[in-house]
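Student: Hi! I'm new to this one and would like a walk through it. Could you show it to me?

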Amino acid sequence: MTGKLTGKVALVTGSGQGIGKAVAIALAAEGAKVVTNNRKPERRAGMLLLWQLEIKAAGGEAVPFFGQCLGF
């Protein structure tokens with residue numbers, strides 16, 4: 001990729017699966033440091049630790065964060 005996001009940080013919510021996962025990986029491929037987010041680590045959709053390893057294996061940086069907003 002082009003490295004357009006080198007030096008930037010991206011927070012991707014819902015990145016435990018599907019579109020959010022693809023967005024997190026694409027941002028990392030462009031050079032962004034990625035914070036992945038999902039509600040719980042033990043849920044099927046909470047596969048963030050695996051995505052973190054996938055991003056790191058591709059040369060990117062990622063940190064998983066588990067939590068949710070409980071209201072305003």
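Tutor: Here is a short chat about how this chain is put together. Keep in mind that this is a predicted model.

Student: Okay, how many helices and strands are there in the chain?

Tutor: The chain has 2 helices and 3 strands. Starting at the N terminus, the elements go β-α-β-α-β.

Student: And what order do the strands have in the sheet?

Tutor: The sheet is open, with the order 1-2-3 and parallel pairing. Strand 1 and strand 3 are at the edges with a single partner strand each, so one side of each has no neighbour in the sheet. From one strand to the next, the twist averages 20 degrees.

Student: Where does helix 1 pack?

Tutor: Helix 1 packs on the sheet and touches strand 1 and strand 2. The direction of helix 1 makes about 170 degrees with that of strand 1. Together, strand 1, helix 1 and strand 2 form a β-α-β unit, and that unit is right-handed.

Student: Nice. How many bridges join strand 1 to strand 2?

Tutor: There are 5 bridges between strand 1, residues 9-13, and strand 2. As an example of who faces whom, valine 9 is opposite lysine 33 in strand 2.

Student: What about strand 2 and strand 3, how many bridges there?

Tutor: Strand 2 is joined to strand 3, residues 61-66, by 6 bridges. Valine 34 has alanine 62 in strand 3 as its bridge partner, and asparagine 37 has phenylalanine 65 in strand 3.

Student: Switching topic: which residues make up the largest nonpolar core?

Tutor: That core has 6 residues in all: Val12, Ala24, Ala28, Val34, Ile55 and Ala62. In soluble globular proteins, nonpolar side chains tend to be buried together.

Student: What does isoleucine 55 touch?

Tutor: Leaving aside residues up to four places away in sequence, isoleucine 55 touches Ala24, Ile25, Ala28, Gly60, Glu61 and Ala62.

Student: Now alanine 32. Where is it found?

Tutor: Alanine 32 is in the loop between helix 1 (18-29) and strand 2 (33-38).

Student: Is alanine 32 buried or exposed?

Tutor: Alanine 32 counts as buried, because its relative accessibility is 2%, and buried means under 20%. Beyond residues up to four places away in sequence, alanine 32 touches Leu5, Lys8, Ala10, Leu27 and Glu61.

Student: How many residues apart in sequence are alanine 32 and glutamate 61?

Tutor: They are 29 residues apart in sequence, while their C-alpha atoms are 7.5 Å apart in space.

Student: What share of the contacts in the chain join residues at least 24 apart?

Tutor: Counting contacts between residues at least 6 apart in sequence, 58% join residues at least 24 apart.

Student: One more residue: where is serine 15, and what does its side chain reach?

Tutor: Serine 15 is placed in the loop between strand 1 and helix 1. Its side chain reaches the backbone nitrogen of asparagine 37 at 2.9 Å. A polar atom of the serine 15 side chain is also 2.9 Å from the backbone oxygen of valine 12.

Student: And why does serine 15 count as buried?

Tutor: Because its relative accessibility is 0%.

Student: Last one: what percentage of the residues of the chain count as buried?

Tutor: Of the 72 residues, 31% count as buried.

Conventions:
Residues numbered from 1 in each chain as written. Predicted model: local features only at pLDDT ≥ 70, side-chain atom pairs only at ≥ 80, totals over all residues. Heavy atoms only, no water. Helix = DSSP H or I, 4+ residues; strand = E, 2+ residues; numbered from the N terminus. Buried < 20%, exposed > 50% of the residue type's maximum accessible area, 1.4 Å probe, protein only. Contact = heavy atoms within 4.5 Å. Core = buried A, V, L, I, M, F, W, Y, C linked by side-chain atoms within 4.5 Å. Pairing = 2+ DSSP bridges. Right-handed = clockwise from strand over helix to strand, strands pointing away. Polar contact = N/O pair within 3.5 Å; in protein donor to acceptor, adjacent residues only side chain to side chain. Axes fitted to C-alpha atoms, helices over the stretch in contact; angles between N-to-C directions.
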